[in-house]
Amino acid sequence: MFGLEYPSIQLLVEWPEFFAEGSWYGFNKITLINVLAVLLTAGIFVFGNKGALVPRGVRNLAEASVDFLDKGVLQQAIGHGGEKYLPYVAAIFFYVFFGNIFEVIPSFQMPGNARMATPLFLGVMTLVFFVAVGLKHQGPKYFYNACFPPGVPKALYLLVAPIEFLSTFLVRPFSLAVRLFANMLAGHILIVTFAVLTAALWGLSLSLIIVPFSFGMLVAMIGFEIMVSFLQAYVFAILAAVYIGGAMHPEH
Amino acid sequence: MSVLPTLATIAQEAGEAGLTAAELKNNSAATGAGLAYGLAAIGPGIGIGYLVGQSVQAMARQPEAAGTVRTTMFLGIAFTEALALIGFVVFILLKFA
């Protein structure tokens, strides 16, 4: 119908290397996006640090986002004493956001987090971080507290302890990773769908009627994806904060 | 005649229609993928709708608690949505892997 030919999934997410194909230092678009995201995150931390009486430029952005992360994420999710972990949560937030936002930047048009490697790494890093926080605040008793929540009848621990163990140490990093990955991949595929539809309908006699709709949807989807890339960074940051807060104090 | 055709009858019909085994596999993978995502979207759809509705009600009744409610709402959405997203991953795996 309409000569519509949908590109294969490999074409959408697998990019050829710019150089050094096949070797371990092969460098493709995803690597470039990740490097740029790291540089931008580091830039926020370095240039946002310059003290000035009247903040301007990057400093303004850094102050606004730190204020937002402190009031909107850490105070809500951890409460008092959570400010200590602001650097980690802020780094995660900015890195995920910059990786996502390349989805709508022309000539990139690919979210860096739509490949499983980056989100999985972030998820595992968060697991290591909150286990370390738990060990620091509660000592080795952290693992006991994590697996044996209080207020459960003794016999039920046979059932509860394995479930708690799995959900804390396996499902948490996996669900963090899958949530980010699937959201970004779904958004990428949506944008591609409407772009392909618009391109295929272009120049047909019917196109005058249909193209405005599919093109309008494409523009709307791009706006929606800007929102999603912010929202996913926010959700990742808030979940990391909740897990860190849960590791700081045992349940009671 | 049974309501659900058995695998054998599907294979027989496919053979009569001139489909090869690979095509048959592709077709059933596409059907399964569509079903997997469609069914996985039902529960989270209901869940997120209910969750956001209740949150809006809470915020309207108690505007001073809007910040806490919003944070908790996003947390709840994140957990509920995970099921739909796992369905989407299953879709990708069935269709393309």
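Ser107(A) sits in the loop that links α4 (86-101) to α5 (117-138) of chain A, and its phi is near 75°, a positive value in a residue other than glycine.

The α4–α5 loop of chain A also holds Gln109(A). Again phi is positive, at about 50°, although Gln109(A) is not a glycine. Gln109(A) has 15 C-beta neighbours inside 10 Å, so it comes out as partly exposed. As background, most residues other than glycine have a negative phi.

Turning to the interface, 15 residues of chain A are in contact with 13 residues of chain B. On the chain A side, α3 (58-77), α7 (157-201) and α8 (207-248) each supply at least two residues. The top contributor there is α7(A), with 6 residues. Sorted by class, this side of chain A has 10 nonpolar, 4 polar and 1 charged residues.

As for confidence, the model scores ipTM 0.72 and pTM 0.86. Chain B has a mean pLDDT of 84, with 88% of its residues at 70 or more. Among the elements of chain B, helix α2 (residues 21-61) has the highest mean pLDDT, 91, whereas helix α1 (residues 7-17) has the lowest, 68. Where pLDDT is low, the predicted coordinates should not be read in detail.

Definitions and conventions:
Residues are numbered from 1 along each chain as its sequence is written. Chains are lettered from A and ligands numbered from 1 in the order in which they are written. This is a predicted model: local features need pLDDT of at least 70, side-chain atom pairs count only at pLDDT 80 or more; totals for chains, interfaces and linings use all residues. pLDDT is the predictor's confidence in each residue, from 0 to 100. Helices (H or I, at least four residues) and strands (E, at least two) are DSSP runs, numbered from the N terminus. Two residues are in contact if their C-beta atoms, placed from the backbone, lie within 7 Å. Ala, Val, Leu, Ile, Met, Phe, Trp, Tyr, Cys and Pro count as nonpolar, Asp, Glu, Lys and Arg as charged, and the others, Gly among them, as polar. A residue is buried if 20 or more other C-beta atoms lie within 10 Å of its own, exposed if 12 or fewer, and partly exposed in between; C-beta atoms are placed from the backbone.
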